[in-house]
Amino acid sequence: MTETIAILGAGLAGLSAARHLAARGIAVRLFDKGRAPGGRLATRRAEHAGRRLQFDHGAQYLRAAGPGFAAALEAAGAAPWPDPARRVGIPGMSALPRALAEGLAITASRHAGRILGEAGAWRIQHWDAKEAKPGTPLPATPPIEDGPFSAVLVTIPAPQAIDLLPGMADALRPVRYAPCWTVMAHFDAKLPLPDTLRPEGHAIGWAARDSSKPGRDGAAECWVVQAAPAWTRAHLEAHAEDIVAPLLAELATLAGAPLPAPAWAAAHRWRYSLLEAPLGQPFLWDATRRIGLAGDWCLAGRAEAAWDSGAALAAALAP
Ligand SMILES: Cc1cc2nc3c(=O)[nH]c(=O)nc-3n(C[C@H](O)[C@H](O)[C@H](O)COP(=O)(O)OP(=O)(O)OC[C@H]3O[C@@H](n4cnc5c(N)ncnc54)[C@H](O)[C@@H]3O)c2cc1C
């Protein structure tokens with residue numbers, strides 16, 4: 001029987017690890033609770049009055065300092081925005097992980113809830129992602145069990161990895177993410193604002209005319225507005241529908257004028273957004289148990305850190 005490695009999480013870290021291993025002839029199988037790979041590289045789609053809308057509501061743009069990530073972005077068709085040093089997916093950010101996932105075996109919409117077995121013969125129990133919620137007890141419904149896997153690579157945010165690997169809690173607990181409330185809003189008229197804003201000491205950390213990115217409907221006037229960590233924490237448990245108006249009111253303070261009501265709007269809460277306290281090493285690998293961990297949280301809150309972490313973990317298994 002050929003050996004297969006299970007990778008839990010198909011964000012950039014999981015995809016990077018998977019591609020590294022697959023390129024060396026090692027069989028991999030990814031599990032992700034999302035409907036598609038990509039994790040925080042995500043694009044929300046909606047329709048309003050017959051018009052298709054889209055918003056990159058997670059990572060806004062990607063920078064590649066090293067050749068590995070630069071080559072991956074190139075292969076996935078990324079384009080510069082808003083300057084030559086920053087890149088975005090075409091027609092949306094989610095196109096990048098989709099391209100990077102090509103040819104990989106991914107079991108989507110499944111929440112990996114338990115790792116059972118022993119080194120060399122791990123089994124993964126997973127549930128319908130609609131039933132299982134992170135941080136709550138696993139559903140009473142019977143899971144699907146897959147395996148055996150020769151190794152397991154866990155590439156989900158550290159606070160969620162504690163649920164899967166409670167024995168690693170001491171190493172994972174110091175990792176801290178900032179949360180981020182994000183509002184997506186479509187307007188009928190152009191707002192009197194530049195394409196990108198990064199105000200200092202403001203309730204808003206970043207705002208951008210998402211429709212100004214290449215390959216989008218440039219006339220759609222779609223905005224992504226990210227609250228700064230302090231504002232997000234002050235509103236963390238609010239309902240999404242109660243976030244849109246106050247955050248757009250904050251956007252109006254940047255415009256210096258009242259803004260029109262949005263024609264369509266929604267809010268998304270990222271509990272794990274950018275890193276405030278990373279692990280400080282590229283990955284964790286227990287060679288005896290053959291269990292490893294990777295993710296942006298190992299290094300820094302950037303997409304490239306996730307990519308590098310996944311690749312470094314995979315290289316520890318198969319140089
Ligand atoms: C609002 C926001 C803005 C950002 N802006 C930028 C930016 O401009 N530039 C930049 O470089 N970076 C940015 N980032 C950070 C960047 O998105 C991340 O660093 C990177 O995408 C992390 O990749 P990852 O693979 O480590 O984790 P993730 O992308 O979080 O992937 C983890 C995956 O694991 C899955 N998962 C979790 N738990 C389970 C489970 N139990 N079972 C199965 N699957 C599970 C998730 O569905 C997810 O797909 C931003 C992030 C956010 C949220």
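**Reading a predicted model: a tutorial dialogue**

Me: In this predicted model, which backbone oxygen lies 2.6 Å from a polar atom of the side chain of Gln 54?

Reply: The backbone oxygen of Pro 91 takes that place, at 2.6 Å from a polar side-chain atom of Gln 54. Gln 54 itself belongs to strand 4, residues 51-55. Besides Pro 91, the residues that Gln 54 touches include Thr 43, Arg 44, Arg 45, Gly 92, Asp 210, Arg 216 and Cys 222, with residues up to four places away in sequence not counted.

Me: Is Gln 54 buried or exposed?

Reply: A residue is called buried when its relative accessible area is under 20%. Gln 54 has 16%, and therefore counts as buried.

Me: What should I note about the peptide bond that joins Ile 90 and Pro 91?

Reply: The angle to read is omega, which is about 5° here, and the bond is cis. Pro 91 sits in the loop between strand 6 (87-88) and helix 3 (95-100). A cis bond also leads from Gly 147 to Pro 148, where omega is near 0°. Pro 148 is part of strand 10, residues 144-149.

Me: Which residues other than glycine have a positive phi?

Reply: Ala 49 is one of them, with phi near 50°. Ala 49 is located in the loop between strand 3 (44-48) and strand 4, and its relative accessibility of 75% makes it exposed. Ser 109 is another case, with a phi of about 60°. Ser 109 occupies the loop between strand 7 (106-107) and strand 8 (110-118), and at 26% relative accessibility it is partly exposed.

Me: How is the length of helix 7 checked?

Reply: One compares an expected span with the distance between the end C-alpha atoms. For helix 9 (residues 303-317), 15 residues should span 21 Å, and the ends are 22 Å apart, which agrees.

Me: Which residues of helix 7 are buried, and where do they lie around the axis?

Reply: The buried residues of helix 7 are Val 244, Leu 247, Leu 248, Leu 251 and Ala 252. They cover an arc of only 160° around the axis, so they lie on the same side of helix 7. Their packing partners are strand 13 (180-186), strand 15 (204-209), strand 16 (222-227), helix 6 (229-234) and strand 17 (264-270). After helix 7 comes Gly 256, with a positive phi near 70°.

Me: In what order do the six strands of the open sheet stand?

Reply: Strands of a sheet pair through backbone hydrogen bonds, in either parallel or antiparallel fashion. Here the six strands follow the order 7-2-1-11-20-19, with mixed pairing. Strand 7 and strand 19 (284-286) are at the edges with a single partner strand each, so one side of each has no neighbour in the sheet. Strand 11 (residues 151-154) and strand 20 (residues 291-293) run parallel and are joined by three bridges. Within that pair, Val 154 is opposite Leu 293 of strand 20.

Me: Which helix packs on the sheet?

Reply: Helix 9 does, touching strand 1 (4-8), strand 11, strand 19 and strand 20. The direction of helix 9 makes about 25° with that of strand 19. Buried residues of helix 9 include Ala 303, Glu 304, Trp 307, Ser 309, Gly 310 and Leu 313.

Conventions
Residues are numbered from 1 along each chain as its sequence is written. This is a predicted model: local features need pLDDT of at least 70, side-chain atom pairs count only at pLDDT 80 or more; totals for chains, interfaces and linings use all residues. Side-chain values use heavy atoms; hydrogens and water are left out. Helices (H or I, at least four residues) and strands (E, at least two) are DSSP runs, numbered from the N terminus. The expected span of a helix is 1.5 Å times one less than its number of residues. Buried means under 20% relative accessible area, exposed over 50%, partly exposed in between (1.4 Å probe, protein chains only). The arc is that of the directions from the helix axis to the C-beta atoms. Contact means heavy atoms within 4.5 Å. A polar contact is a pair of N or O atoms within 3.5 Å; within protein, one must be able to donate a hydrogen and the other to accept it, and residues adjacent in sequence count only if both atoms are side-chain atoms. Two strands pair if DSSP finds at least two bridges between them. Axes are lines fitted to C-alpha atoms, for helices over the stretch in contact, and angles run from 0 to 180 degrees between N-to-C directions.
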